[in-house]
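Visitor: I have not seen this one before. Could you walk me through it?

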Amino acid sequence: MAEERENVVVLVDEDGVETAFEVLDIIEDGGNRYAAMLAADEPAEDTDEDMVWIMRIVAANEEEDTLEPIEDQAELEHVFSIFKTRMEDDFDFEEE
């Protein structure tokens, strides 16, 4: 298991593969909380190493939160827009 770091979470995909992510920012908007993250490990050959992952934070129980993907494209774009504004001095964002 990877060493514990303060801003790193490990997510497990449907195949049981663990991937560590560095949490860059927690965004609160519209009553929801979101985590903006970068892959902390070596990126796979078929992924963009600078890809920001944004997931909704959902309370699993009183002590633990879970992360879930955002299915709504408009919601995702809105939250990413907030992230880009907050982090514009730290990152050089490419426009698509």
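**Salt bridges, sheet and core**

Guide: Asp65 counts as partly exposed, at 42% relative accessibility (buried is under 20% relative accessible area, exposed over 50%, partly exposed in between, with a 1.4 Å probe and protein chains only). This is a predicted model, where local features need pLDDT of at least 70 and side-chain atom pairs 80 or more, while totals for chains, interfaces and linings use all residues. Residues are numbered from 1 along each chain as its sequence is written, and side-chain values use heavy atoms, leaving out hydrogens and water.

Visitor: OK, what does the side chain of Asp65 meet in a salt bridge?

Guide: The side chain of Arg33, at 3.7 Å from N to O (a salt bridge is a side-chain nitrogen of Lys or Arg within 4 Å of a carboxyl oxygen of Asp or Glu). Asp65 is in strand 5 (residues 65-69) and Arg33 in strand 3, 32 residues apart (strands are DSSP runs of E with at least two residues, helices runs of H or I with at least four, numbered from the N terminus). Arg33 is partly exposed too, at 34%.

Visitor: How many salt bridges are there?

Guide: The count comes to 4. Another one joins Asp25 and Arg86, whose closest N and O atoms are 2.9 Å apart. Asp25 belongs to strand 2 and Arg86 to helix 1, so this pair ties together parts 61 residues apart in sequence.

Visitor: Is Asp25 buried or exposed?

Guide: Asp25 is buried, with a relative accessible area of 11%. Arg86 is partly exposed, at 45%.

Visitor: And Glu68, what is its partner?

Guide: Arg56, with N and O 2.7 Å apart. Glu68 sits in strand 5 and Arg56 in strand 4, 12 residues apart in the chain. Glu68 is partly exposed at 31%, whereas Arg56 is buried at 15%. Through shared partners, salt bridges join Arg56, Glu68 and Glu75 into one network.

Visitor: Change of topic. What order do the strands take in the sheet?

Guide: The order is 1-2-3-4-5, in an open sheet of 5 strands with antiparallel pairing (two strands pair if DSSP finds at least two bridges between them). Strand 1 and strand 5 each have a single partner strand, so one side of each has no neighbour in the sheet. From one strand to the next, the twist averages 45° (axes are lines fitted to C-alpha atoms, for helices over the stretch in contact, and angles between N-to-C directions run from 0 to 180 degrees).

Visitor: How many bridges pair strand 1 and strand 2?

Guide: There are 5, between residues 8-12 and residues 18-29. Leu11 has Thr19 as its bridge partner, and Val8 stands opposite Glu22. In the hairpin of these strands, with 5 residues between them, Gly16 has a positive phi near 85°.

Visitor: Where does helix 1 lie?

Guide: Across strand 2, strand 3 and strand 4, running at about 85° to strand 2.

Visitor: Which residues make up the largest nonpolar core?

Guide: It has 10 residues, among them Ile27, Ala36, Ile54 and Phe83 (a nonpolar core is a set of buried Ala, Val, Leu, Ile, Met, Phe, Trp, Tyr and Cys residues joined through side-chain atoms within 4.5 Å). Strand 3 (32-39), strand 4 (52-59) and helix 1 (73-87) each give two or more residues to this core. A second, separate core of 6 residues includes Phe21, Val23, Ala35 and Met55.

Visitor: What is Ala36 in contact with?

Guide: Leaving aside neighbours within four places in sequence, the contacts of Ala36 include Asp25, Val52, Trp53 and Phe83 (contact means heavy atoms within 4.5 Å).
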